[in-house]
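Please open the model in a viewer and keep the selection tool at hand. The stops below proceed from one selection to the next.

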Amino acid sequence: MLRRILTPLLIALSALTLTLAGAAPATAAPAERSQPLRQTVLYYDASRAAEYTSAVSSAVRVWNYSVSNVRLEPAPVGRHAEIRIIADNGWPRAQLGPVRPGGQVVVWMGRQGTAAGYDAVRIAAHELGHSLGLPDAKPGPCSSLMSGSTGGVNCTNPYPDAYERSRVEANYGSGLTGQRAADGQLMVDRA
Ligand SMILES: [Zn+2]
């Protein structure tokens, strides 16, 4: 009898804990946040990101803080990486997702973006936004991540806005059935 009362109470408490964890501040370590049900984990390989390695890490932290249904983790050596990040001398660009576990898209951290004065972390977060299925939203304000270069050369905001977050949540929110596959189209971010 006691068990019949306690079980729903424990379930309610777990749900409350998940809700509270979702509202955790940016300073919370990933291990302190509860994993939502059916969270998709995508692995990324930044071994060829060269001088953009730390910008990529910052952009990954931004995405992991901003959304719950998908999480980005560095690929252990020898493991398939769904997102490969490569520095080169072109414009920043990326293949449009949403990439699925076992699939693959590429992000190119083209040096022409930072050479023109644009912020490396915002570029990395923007290109990862493409990997997660967000198209460009140009022209747009600095508050929009997918406005890219049209947010202005002085714009350093690496955070997706509420609409962009909700689109990524939706892209990864319904489990593996009925999900849209990666588009694969190349999105080139010329300034
Ligand atoms: Zn773009």
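**A tour by selection**

Begin by selecting Ala50, which at 43% relative accessibility counts as partly exposed. The model is a predicted one. Ala50 sits in the loop between β1 and α2, and its phi is near 50°, a positive value in a residue other than glycine.

Remain in this loop and select Glu51 together with Arg111. Their side chains meet in a salt bridge, with N to O at 2.6 Å. Arg111 belongs to helix α3 (residues 111-115) and Glu51 to the loop between β1 (40-48) and α2 (53-66), so the pair ties together parts that are 60 residues apart in sequence. Glu51 is partly exposed, at a relative accessible area of 48%; Arg111 is likewise classed as partly exposed, at 26%.

Next, display the other charged pairs; the structure has five salt bridges in total. Select Arg71 and Glu73, whose side chains form a salt bridge of 2.9 Å, N to O. Is Arg71 buried or exposed? With 12% relative accessibility, Arg71 counts as buried, while Glu73 is partly exposed at 27%.

Then select Arg93 and Asp88, a salt bridge in which the closest N and O atoms are 2.6 Å apart. Arg93 is buried, its relative accessible area being 17%.

Pro139 lies in the loop between α4 and α5 (162-171). For another cis peptide bond, select Gly97 and Pro98, where omega is near 5°. Pro98 is located in the loop between β4 (93-95) and β5.

Finally, turn to the largest nonpolar core, which contains 33 residues. Which of its residues touch the most other members? They are Val56, Trp63, Leu72, Ile83, Ile85 and Leu128. At least two residues of this core come from each of β1, α2, β2 (70-74), β3 (83-88), β5 (105-110) and α4 (120-131).

End the tour on Ile83 and show its contacts. Leaving aside residues up to four places away in sequence, Ile83 touches Leu42, Tyr43, Tyr44, Asp45, Leu72, Val99, Val105, Val107, Leu128 and Ser131.

Technical notes
Residues are numbered from 1 along each chain as its sequence is written. This is a predicted model: local features need pLDDT of at least 70, side-chain atom pairs count only at pLDDT 80 or more; totals for chains, interfaces and linings use all residues. Side-chain values use heavy atoms; hydrogens and water are left out. A salt bridge is a side-chain nitrogen of Lys or Arg within 4 Å of a carboxyl oxygen of Asp or Glu. Helices (H or I, at least four residues) and strands (E, at least two) are DSSP runs, numbered from the N terminus. Buried means under 20% relative accessible area, exposed over 50%, partly exposed in between (1.4 Å probe, protein chains only). A nonpolar core is a set of buried Ala, Val, Leu, Ile, Met, Phe, Trp, Tyr and Cys residues joined through side-chain atoms within 4.5 Å. Contact means heavy atoms within 4.5 Å.
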